Amino acid sequence: MICARCDQPILSDEGYDTVINHGGSGAKPTQYVHKRYCQAPPRQSYLSRRLGR
Ligand SMILES: [Zn+2]
């Protein structure tokens with residue numbers, strides 16, 4: 001499965017947390033993130049800055 005936060009594959013020995021995504025119509029209702037702290041890659045924040053106003 002893919003981590004919704006950093007967009008990296010979550011390995012079975014890393015563990016994950018389940019995130020319920022309430023409000024998204026197109027988004028998957030259940031997403032997974034690394035149990036350890038992970039950050040979104042820099043290009044992600046760059047993209048969201050470009051997409052936002
Ligand atoms: Zn992650």
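**Close-up views of a predicted protein chain**

**View 1. Overall architecture of the protein chain.** The protein chain contains one helix and two strands; helices (H or I, at least four residues) and strands (E, at least two) are DSSP runs, numbered from the N terminus. Read from the N terminus, the order of these elements is β-β-α. The model is predicted: local features need pLDDT of at least 70, side-chain atom pairs count only at pLDDT 80 or more, and totals for chains, interfaces and linings use all residues. Residue numbers start from 1 along each chain as its sequence is written.

View 2. The protein chain has 53 residues, of which 4% count as buried. A residue is buried if 20 or more other C-beta atoms lie within 10 Å of its own, exposed if 12 or fewer, and partly exposed in between, with C-beta atoms placed from the backbone. Among contacts (C-beta atoms, placed from the backbone, within 7 Å) between residues at least 6 apart in sequence, 43% join residues at least 24 apart.

**View 3. The surroundings of D7.** D7 lies in the segment before β1. Its phi is near 65°, a positive value in a residue other than glycine. D7 is classed as exposed because 12 other C-beta atoms lie within 10 Å.

**View 4. The surroundings of G15.** G15 belongs to the segment before β1, the strand that spans 16–20. With 10 other C-beta atoms within 10 Å, G15 is exposed. A distance of 7.8 Å separates the C-alpha atoms of G15 and R36, which are 21 residues apart along the chain.

How values were computed: Two residues are in contact if their C-beta atoms, placed from the backbone, lie within 7 Å.
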